[in-house]
Amino acid sequence: MMFLAAAIGCDPTEMVTYEAGNDEAFFEETSQSLTVTQADANTYTITVSRGNPAGAVSVPVSIQSETEGVFDGPASVEFADGELYAEYTVSFDIAGLAVGAMSEVTLTLGSETDLPYSTSFVLSVMRDYTWNNYATGVYTSEFYGQLAGQVAQFPVVMQQAAEKTDLYRLADVFNTGYH
């Protein structure tokens, strides 16, 4: 009986609602990690969202990084009238990144919001080593062979890092990109 009385006492028409401002922008993702080489693109594009598509608006974006002069991007993200989503592209100088070390940049939207989403995004970028073929051999796995009822063997290439000659890897062991 007590539960029924409590349920009847709730009036759903008295719910507090919040109308988002058209300049209240947020990131749907909070972070991303990339590994890049000299041959890769030197940009990353992130989608910025807003809660109200009414009107064109420019939302300020600040860029903060401990790696001086490597990351760059526009001072704002632009929303056209009727758009809920806009693209923001941050660029980076691959040559300015330390090989084998993560460099982070934090993008922060300048708009204040009461929406339950993040107004900052962290991009972590690592410049990969330059890998040179060093030797070839045969990879043998009893574990993977047991799945097929025999010992698994397949050819592999061992690579050496040009920037750090005591660092090696087996290239594309199980699939392309899995070293």
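Colleague: Why is Leu123 called buried?

Modeller: This is a predicted model, and in it Leu123 has a relative accessibility of 0%. Buried means under 20%, so Leu123 counts as buried.

Colleague: Where is Leu123 found, and which residues does Leu123 touch?

Modeller: Leu123 is part of strand β9. Leaving out residues up to four places away in sequence, Leu123 touches Gln32, Leu34, Tyr44, Val90, Ser103, Glu104 and Val105.

Colleague: What makes Asn52 buried or exposed?

Modeller: The relative accessible area of Asn52 is 15%. The limit for buried is under 20%, so Asn52 is buried. And that's a loop residue, sitting between β3 and β4.

Colleague: Which residues is Asn52 in contact with, leaving aside neighbours within four places in sequence?

Modeller: Glu19, Ala20, Gly21, Asn22 and Leu84.

Colleague: Which residues touch the most other members of the largest nonpolar core?

Modeller: Val77, Phe92 and Leu107, out of 26 residues. Two or more residues come from each of β1 (25-27), β2 (31-36), β3 (43-50), β4 (57-65), β6 (76-79), β7 (85-92), β8 (102-109) and β9 (120-127). β7 gives the most, with 4 residues. As for Val77, residues touched beyond four places in sequence include Val48, Val61, Ala86, Tyr88 and Leu109.

Colleague: How do you know that the side chains alternate along β7?

Modeller: Look at which way they point. Ala86, Tyr88, Val90 and Phe92 point to one face and are buried.

Colleague: What makes β3 and β7 a strand pair?

Modeller: Pairing takes at least two bridges, and 7 bridges join β3 to β7, so they pair, running antiparallel. Ile46 has Tyr88 as its bridge partner in β7.

Colleague: How many bridges join β5 to β7?

Modeller: There are 2, between antiparallel strands, with β5 covering residues 71-72. The cut-off is at least two, so that pair qualifies as well. Phe71 stands opposite Phe92 in β7.

Colleague: Why are β2 and β6 said to stand at the edges of their sheet?

Modeller: The open sheet has 5 strands in the order β2-β9-β8-β4-β6, with mixed pairing. β2 and β6 each have a single partner strand, so one side of each is left without a neighbour in the sheet. The twist averages 25° from one strand to the next. Within the sheet, 5 bridges join antiparallel β4 and β8, and Gln64 has Thr106 as its bridge partner in β8.

Colleague: What is the strand order in the open sheet of 3 strands, and which strands stand at the edges?

Modeller: The order is β10-β11-β12, paired antiparallel. β10 (131-141) and β12 (168-171) are the edge strands, because each has a single partner strand. Neighbouring strands are turned by 30° on average, direction ignored. β10 pairs with β11 (residues 152-161) over 10 bridges, and Thr136 stands opposite Val157 in β11.

How values were computed. Residues numbered from 1 in each chain as written. Predicted model: local features only at pLDDT ≥ 70, side-chain atom pairs only at ≥ 80, totals over all residues. Heavy atoms only, no water. Core = buried A, V, L, I, M, F, W, Y, C linked by side-chain atoms within 4.5 Å. Buried < 20%, exposed > 50% of the residue type's maximum accessible area, 1.4 Å probe, protein only. Contact = heavy atoms within 4.5 Å. Axes fitted to C-alpha atoms, helices over the stretch in contact; angles between N-to-C directions.
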